[in-house]
Each structure stands twice: as structure tokens, then as C-alpha cells.
Amino acid sequence: MAGCCFYAGYPITPATEIMEIMARDLPRAGGIFIQMEDEIASLGAVIGASLAGAKSMTATSGPGFSLMQEHIGFACMAEVPCVIADIMRAGPSTGLPTQASQSDVMQARWGTHGDHPIIALAPSSVYECLELTVQAFNLSERYRTPIILLIDEAVAHMREGIVLPSPGDIEIEERPHPTVPPEWYIPYADPGTGVPPMSAFGDGYRYHVTGLYHDVRGYPTIRADEVEPLIHRLFSKISRDFDHLQWFDSYYTEDARITVIAYGCVSRAALRAIKEAREKGLKVGLIKLKVIWPFMHCTIAKILENSPKVLVPEINFGQISREVKRVNQGKCEVATLNKVDGTILTPPEILRKLEEMYS
Amino acid sequence: MRETTHLVHKYLRSSKRFPHIWCAGCGIGIFMQSLIRVIDQKEYSKDDVVLISGIGCSGRLPVYVDFNTLHTTHGRALTFATGIKLAKPRLKVIAIMGDGDAIAIGGNHFIHAARRNVEIASFVINNQVYGMTGGQCSPTTPDGTITASSPYGNLEPDFNICRLAEAAGATFVGRATVYHTRLLEQLIGKAFEKKGFAMVEVVSQCVTYPGRTFGPDPAVAMMKWQRDNSITVAQASKLSEAERQGKIEIGILVDKERPTYHEEYQKLLRKKPKV
């Protein structure tokens, strides 16, 4: 649906099903599936295919996501569109391969070395997995950058009925293509949007792609007056469109005395807890984040201004709660509720915490 | 000279800020010239050639030549090459690696690319050292060699790159030195024509680090050493294991046919999934 026609991957629990379905269905849909020798190779092949013009993706979990960091950085630097689904299990190391977790949130942000922008999306339902995967491809093409789908194991293995949108109702975006003849093409010159048009290998626009700092022609450089504009452009091409990346759902927030900020499977438990709390007369609300990175600090700051208390439940040691506290700057009380035993947060646990905070 | 001028104008990037980064006397430039010469002879369209490299001195080769060029991460050139070839099979995909690049950090990708048999012409420029980082020992540095990271002598035996490629299933394996440029060009040509994974080991010299022990003119001394220590595959077959020690066996070591990954993939499209 999103136009993906290349998948390279390596088996890993709990992400393997994505690969198995791709192995079965992608060849019949005219695409290419390949099982590589490890996750580094998988993302390498994905980036190669994308440079040749194919919309490409891979999927993995914590340990494989660690291995992919090298090539996530390459895709950021060389501006190659690709999608990486990270099905989060508990770590560190081999951790709990079959249990749900949200502990890769910070790795998605800072996992690869060096300053770089990143976009990470977090679905919380089967329908959102579909919706945000399509959006992940669209964003990766629009901004020429890797997009990370952060899906906790509970959501990844969820089964629920959805109504599929008809293909015509889904907007599909393509990367910007050069409109000038090859001899005029300057591959990394800013056309004003921050995103240079991208030609596929073999289309007649011969150019150089590297993970080194490069000038507008793509050639390696260490000149300060070429290095700085590049890194600034890499950040600004996403930050200038920040308003378009404020994807969240809000429930009962207008009069909320406590606002819950949650994402993934925890947001589902939180919504149930909030509905029960409302029945008990507690004025509580929920913000469900769909975009994790870049963090929606303007949106969150407004919520923090209007709500005396905020609760950030997560199934990790507290990763997004740090971001909320950073934005908060002491304006209101930010409480956390963390579970790190491999099980998911349940509605009664969140409700209990809300009642405790309310009194 | 006229031929060289023609090749320089046709294939080197005029927009690139020369000079190149290689030391005077390095063998990589000789290999680059041979590569360009063969591409010109084969009359490939520049638009259809993709040159992919890893990291190190050899990794800088693609930037100087006017093809679709990709300078990837350390050891991973073949993974990118695999993605490009499968996504656009009509492209001529060429991977250029160094010894540390292909055999140490990229060893896993190297054997699997050979096993998988995706049509990639790959070249490992073996100068037996990590040159760019300052002369540390690599997996092809001979046992006992003093290097920046083996000040007491290298403790590890060296890899035979060609035998590794052969054992992993490469359908074409050859070896030449940068002294034997005519042979080198023949092997490059055969690697380009091969329907499958082809690997040519290009024995080269690093004049800056190991070259220090070769006297005042290391480039000449090291290339003479290549000349004097090379034996052809036919000569080698008449020698015992002990007599072959320390010799560079040059020529075609493997040339066989096997269905490529792409051909197998086309067959797969006619099948129904079993699970």
C-alpha cells in the first residue's frame, strides 16, 4: 500500500513475522525480498536498493536495532530514504526476547553516533500500524531520511479487526526528483526546501554518495564553510516542517486536572483507566503520542501549562518522561509510572496511580 | 599518451577537487587506471556503471571517476551492492574493497555475497596493511610482521583471500598484482563478464608503512618484489605446498558456472509458497 518494493532482513524475535509475510507476499507483488547475513547487511541492502530507486524497508528488534545504528547514521548523512521497524523487546543485550517493552525510545533518538535528526513514529493499534507505516514511507521520501517505526511487542503481535482503506484514499508521496538535465544537477544543493532532489542510480544523473561530510556535489570535504551548512540543513529540513509532525490524539483533556502522556500499548491501557476514572468523577485526560521524535515540545508545553499534574506511564525506566520533564521546566508536577518486569502496564495499575495523584 | 589523455577526460571527474589522497607510489592508482581502461574497452555506458567502495585508502577510489559512485561504511560495500543489483539488475555493479575492509570487518558479508552469487564484480586491493589509519596489521599481514599494532611481530597467520572466496562459492576468482597490469586487465574483464559473483584479489603495495623497510625507493622495490615472487597458477600446480610458501599465485583460480541469485529469484516467481 505504501509502495514498498524491497525488503532485506534477518530473523529476530519478536519481529520475524514481518519478514515471513514479506518473504511470502513481496515476490508476488513484484518486489524483492532477501534474507541477509545480519542486520548490518540488511540495512546496507535496503539503502542500496533505495539508491537504485526502490522504496525499501527492514524490520528488527533491540539487538538487531543496535547493529543497524551504523547504517542509520549513513542514511541520515547520505540522505537515503528508508524505513526501519523496531519491534521493541526488553533489553539490555539479549534481554527478554518475547516480552513487550518501550526501552528503545532513546536508542531510536541517539543510537547512531554524531548529531543527527531522526523521525520515529509509535503506533498503538493494528490500524495505526498500517496508517503510520504508510506515513513512514511518505516521510522518508519527503525528507530523504530514515524513519523508525517504534512498535512495542504487544502492539506488534496484536490482532484486531480493521477496515482497510481503499488504495485511492491513501496519499502516497515520492521523493523529489531532479527536473534539470544531468549536467546541471548538483546533488546536494538546497533547492529552498532543505531537501535536494534525488536521482536513482542508472537514471543518467551520475553523482557521488558518501557518509563523509560532503560539499553540494557530494564530494568529501573538511572545509568548515561546507561542513556546517550540511549539518544545519540536515536538521532544518525536518525542523522547518515541525508543525506538520504534531501527530497526537487527545481524550478528555479540556478540563483535565491530570493529563496522561502515553504511546504504544500503554496508551490503550491509559485510555481505559481514564474512562473508568471519569466514571468515578475524576477529571483526567490522555495525550497519545504518534510521533515520538522529533519530540513535540510546543504541543506538550501547552498541555503542561493547562494541566496541574501530568503522568507519564511507560514500560521502561522512564525515557519519554525525561523529555516531558525537560519541556516542563518545573511548571507542573510530572509523575512517572514505570514497569520493567517484562509485563505490560494494565488499566488498574494506571487507575490506581491516577487516584493516588488525584487525592 | 593520447589514449591516457582521452581516458582522463572521459572518466575522471573534472568537478572533483584533485589531487587524490593516495601517496606517491601507491598501487591503487594503477588499479584504477586498469579498471577505467577495461570499462572503456567494454564500452559500458557510464550511466549504467555503479562503483561501490568501503572504507580505507581503496574506499576513496569511486569519488574520482565519473560513474554512479557510492562510498559506504567499513566492510559493508557488498551489502549495498547486493541491494543495488537486485533492485536494478541492468546496472553493472562493481565493488572495490581493501584487505582489512573486505576480510576483517567485512568478512561475513564477503563470504555470504560469494555464497549467494549475486552478480557483482568485486575487487580486493590487498596491500596487507591498514594504511589510512597508520599501518596496523590486517588479516592478510604475514605472520611475524612488525606493524604499528604488532610491535613485537604479528601473532596471527594470514588469510588467503582467493581460497576464502573459492570455498564460499565465488564463481570467478583471480589474482594479479599491480605489477602485472596486463594480467590484471584480463582478470578485470573476465570478472565483468561473469554471470555471478566474481572476485579478483589485486596484490598492491603500501609504500608509506610496510614500504619503510624497502629502502629509499620503496615503490620500485616493492613492485620488483611482486615481479620476483609471483608464479602463475600453472607453475604453482607443479610445486609442493612448501615450495609455494611466500609466493604470489597469479592468474585465474576459479571459473565456473552456477545460477545467480537473480536467476533463482525469477524461478521463484513461478512457484507457490509452501508455508
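User: How many salt bridges are there between domain 1 of chain A and domain 2 of chain A?

Analyst: This is a predicted model, and the count between those two domains is four salt bridges.

User: What makes the pair A:Arg268 and A:Glu160 a salt bridge?

Analyst: Their side chains meet at 2.9 Å, N to O. The cut-off is 4 Å between a side-chain nitrogen of Lys or Arg and a carboxyl oxygen of Asp or Glu, so the pair qualifies.

User: Where do the two domains of chain A come from?

Analyst: Chain A is divided into domain 1 (6-169) and domain 2 (248-358), and those bounds come from an automatic or database domain assignment. Their C-alpha centres lie 26 Å apart.

User: How do you know that the two domains touch, and how many residues take part in the contact?

Analyst: Contact asks for heavy atoms within 4.5 Å; 28 residues from domain 1 of chain A and 23 residues from domain 2 of chain A take part. Together the domains bury about 1,900 Å², with 57% of it on carbon and sulfur atoms. On the domain 1 side, A:Gln102, A:Val105 and A:Met106 supply 30% of the buried area, more than any other three residues.

User: How many residue pairs are in polar contact across this interface?

Analyst: The rule finds 16, with both residues at pLDDT 80 or more.

How values were computed
Residues are numbered from 1 along each chain as its sequence is written. Chains are lettered from A and ligands numbered from 1 in the order in which they are written. This is a predicted model: local features need pLDDT of at least 70, side-chain atom pairs count only at pLDDT 80 or more; totals for chains, interfaces and linings use all residues. Side-chain values use heavy atoms; hydrogens and water are left out. Buried area is the accessible area (1.4 Å probe) that two parts lose on being put together, summed over both. A polar contact is a pair of N or O atoms within 3.5 Å; within protein, one must be able to donate a hydrogen and the other to accept it, and residues adjacent in sequence count only if both atoms are side-chain atoms.
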